[in-house]
Amino acid sequence: MSEQPCDSSAPTLFTWEFATDPYPAYAWLRDHAPVHRTTLPSGVDAWLVTRYADAKKALADPRLSKNPQRHSAAAHAKGKVGIPGERSAELMTHLLNIDPPDHTRLRRLVSKAFTPGRVAEFAPRVRTLTDQLIDAFEERGEADLIHEFAFPLPIYAICDLLGVPREDQDDLRDWAGMMIRHGSGPRGGVARAVKRIRGYLAELIHRKRGDLGEDLISGLIRASDHGEHLTENEAAAMCFVLLFAGFETTINLIGNGVYALLRNPEQRAQMQRAVEEGDERLLAAGVEELLRYDGPVEIATWRFATEPLTLAGQRIAEGEPVLVVLAAADRDPERFAAPDVLDLARRDNQHLGYGHGIHYCLGAPLARLEARTAIGTLLRRLPGLRLAADPEDLRWRGGLIMRGLRTLPVTWNST
Ligand code: HEM
């Protein structure tokens, strides 16, 4: 590791208080140590990049590889870098773990199948799913919005889009649930869940190959670029990353977003009006601001220096991990006026919540569709929605990459 002056006033990261509100610590880092070396809870040392301008540069820097094999301590960190349990060679070859030219080829192929047009056609299905979930608890007058709403919506949506038969979707929901509980649960459970998902996807892809339909998996199998197709392993890894990258993120966007609205009554009233008046523009802008203000992806996925480099004056040695802290960059006062204020009508809101550069979120159109539908429908159907817990009692899921609530108890006046 390169040298960094030790500063005893540096905040302690990755504690329970930090998970609840990491923003004061990030403000300190932006001001005093914008490229900061730290030891992660897993024991791996990594650099944290917290300023917006540096973060944007780092996300687009070709000297920062996504391939975990480039980690200088890969042998020691086995199992500590990447998705826990996801160490089978087949599933590792997905977009978030590879560099050009492989990344360019796979992303081009998947982009032919996973188009904004396909997502737009899916809008009525997302509306139906959203309404069905609300129907199930509306009369009760109370619910846990994470478990009963934000959790099932994205998994059923992506399963439908991929073409997973309805009768299998609850299995995938349960396996995906096991994966995201890894922060508090045994790692063995994650490995088992990944193994089941892998086995299931391999079998499903094989079956679809013999009977192509209109779903996304069939689209992935059909997609070709200059005569090239995805192999079965590549298609399985692609489905896996679509499931994994689009699941906890969307849960957190809905959960963090609704929570932020409930904590900011004036902004919530503005959003409520927009929804009731059908002001799609404000709803869309509001969801972008919720993403900037308390986005689902706190830290972008791993990057590794392929050569010695200097970032904001800090020397980084070959093989060292660099973590771009999107949550810190999106609260940088150099880029956003009054960054700690939720302002749904904020202009020029070029946040980094979906990343930047060649790994920019492939699922952003779907995430936007789901979040606008979920938050809009919730406010329209349950206008009296309010928090049913003391914010101090709410717990945040402790993972390195994602930021989200474990539960979100709410109530409303059922009529
Ligand atoms: C990549 C955020 C939803 C699929 C990313 C990245 C971010 C992100 C920050 C870049 C990571 C990096 O550079 O290290 C989000 C947020 C979401 C969301 C905030 C929801 C609110 C989705 C959905 C899907 C999806 C719904 C698909 C169904 C992907 C994929 C990548 C990606 C495949 C990798 C792209 C590549 O490496 O070329 N996402 N995402 N995401 N996201 Fe999303």
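This is a predicted model: local features need pLDDT of at least 70, side-chain atom pairs count only at pLDDT 80 or more; totals for chains, interfaces and linings use all residues.

User: Why does the radius of gyration of the protein agree with that of a compact globule?

Analyst: The radius of gyration is taken over C-alpha atoms, and the globule rule is 2.2 Å times the number of residues to the power 0.38. For 415 residues a compact globule would have a value near 22 Å, and the protein has 21 Å, so the two agree.

User: How do you know that helix α14 has the span it should have?

Analyst: Helices are DSSP runs (H or I, at least four residues), numbered from the N terminus, and the expected span is 1.5 Å times one less than the number of residues. The 16 residues of α14 (residues 248–263) should therefore span 22 Å, and its end C-alpha atoms are 22 Å apart, which agrees.

User: What makes α14 mostly covered?

Analyst: A residue is buried if 20 or more other C-beta atoms, placed from the backbone, lie within 10 Å of its own, exposed if 12 or fewer, and partly exposed in between. In α14, 13 of its 16 residues are buried, whereas 42% of the 415 residues of the protein count as buried.

User: Which residues does cysteine 239 touch, not counting those up to four places away in sequence?

Analyst: Cysteine 239 touches Leu162, Leu201 and Ile217, where contact requires C-beta atoms, placed from the backbone, within 7 Å.

Definitions and conventions
Residues are numbered from 1 along each chain as its sequence is written. Two residues are in contact if their C-beta atoms, placed from the backbone, lie within 7 Å. Helices (H or I, at least four residues) and strands (E, at least two) are DSSP runs, numbered from the N terminus.
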